[in-house]
Amino acid sequence: MADTLRDGTGAAGRDPASRRFRPLAGFVAGFIGVLVFHQLMLAVLNLAGLTAGQPWALRPAPPLGIPAVLSAAFWGGLWGIALAAAERFFPRGAGYWLAAFLFGAVLPTLVAWFVVFPLKGMPAGNGWQPAGMLTGVLVNGAWGLGTAFILSRFSTGRRNLTKAV
């Protein structure tokens with residue numbers, strides 16, 4: 001891993017075979033990305049007083065009544081599949097990490113603002129409240145970075161695994 005990050009290639013510097021679409025790896029990376037990176041950012045923003053959102057919330061989420069954090073992780077897994085499909089087109093080096101952040105910050109946030117919130121009877125754009133809007137961008141951007149990092153750790157073979165460690 002140190003060699004990969006030190007030479008500036010990042011995950012996008014992997015050999016071409018490892019840049020193929022990996023939906024299962026994307027789902028797992030996105031699921032874990034919510035549980036770790038998304039929720040850590042939410043915790044930081046909550047501690048800073050920028051959001052009332054509680055990290056790792058266990059309250060039942062409709063319609064199935066599963067814990068909210070697991071519901072978010074499931075959706076993060078689905079978005080992880082989309083990120084896995086897109087990440088092979090991300091630039092190399094630092095641009096890879098910027099693209100991963102922007103993917104998370106923009107796409108899931110816009111879908112939440114203009115599809116999910118209205119379906120739940122909430123105002124579009126999170127009511128255009130700056131703190132709420134910033135929260136969405138930052139937690140989803142952190143998810144994008146974390147998911148890309150996890151996805152970059154999945155190897156396509158034993159040789160890649162030893163190079164990554």
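I began with Trp97, which I count as buried because its relative accessibility is 18%, where buried means under 20% relative accessible area, exposed over 50% and partly exposed in between, with a 1.4 Å probe and protein chains only. I noted that this is a predicted model, in which local features need pLDDT of at least 70 and side-chain atom pairs count only at pLDDT 80 or more, while totals for chains, interfaces and linings use all residues. Residues are numbered from 1 along each chain as its sequence is written, and side-chain values use heavy atoms, with hydrogens and water left out.

**Aromatic pairs.** I looked up the ring pairs and found nine in the structure; rings of Phe, Tyr and Trp (its six-membered ring) pair if their centres lie within 6.5 Å, with planes under 30 degrees apart called stacked, over 60 edge-to-face and the rest tilted. Tyr96 and Trp97 are an edge-to-face pair, because their ring centres are 4.7 Å apart and their planes stand at 90 degrees. Tyr96 is buried, at 0% relative accessibility.
I then turned to Phe114 and Trp128, a tilted pair with 5.8 Å from centre to centre and 45 degrees between the planes. Phe114 lies in helix H4 and Trp128 in the loop between H4 and H5, so this pair ties together parts that are 14 residues apart in sequence; helices (H or I, at least four residues) and strands (E, at least two) are DSSP runs, numbered from the N terminus. I recorded Phe114 as partly exposed at 44%, and Trp128 likewise as partly exposed, at 49% relative accessibility.

**The core.** Which residues touch the most other members of the largest nonpolar core? I found that, of its 16 residues, these are Leu83, Phe90, Tyr96, Phe103, Trp143, Ala148 and Leu151; such a core is a set of buried Ala, Val, Leu, Ile, Met, Phe, Trp, Tyr and Cys residues joined through side-chain atoms within 4.5 Å. Helices H2 (23–47), H3 (68–87), H4 (94–119) and H5 (130–153) each supply at least two residues of this core, and H4 gives the most, with five.

**Ala99.** I also checked Ala99, found in helix H4, which counts as buried at 17% relative accessibility. Leaving aside residues up to four places away in sequence, Ala99 touches Phe90 and Pro91, a contact being heavy atoms within 4.5 Å.

**Whole protein.** Finally, I noted six helices and two strands, running α-α-β-β-α-α-α-α from the N terminus on, and that buried residues make up 39% of the 165 residues.
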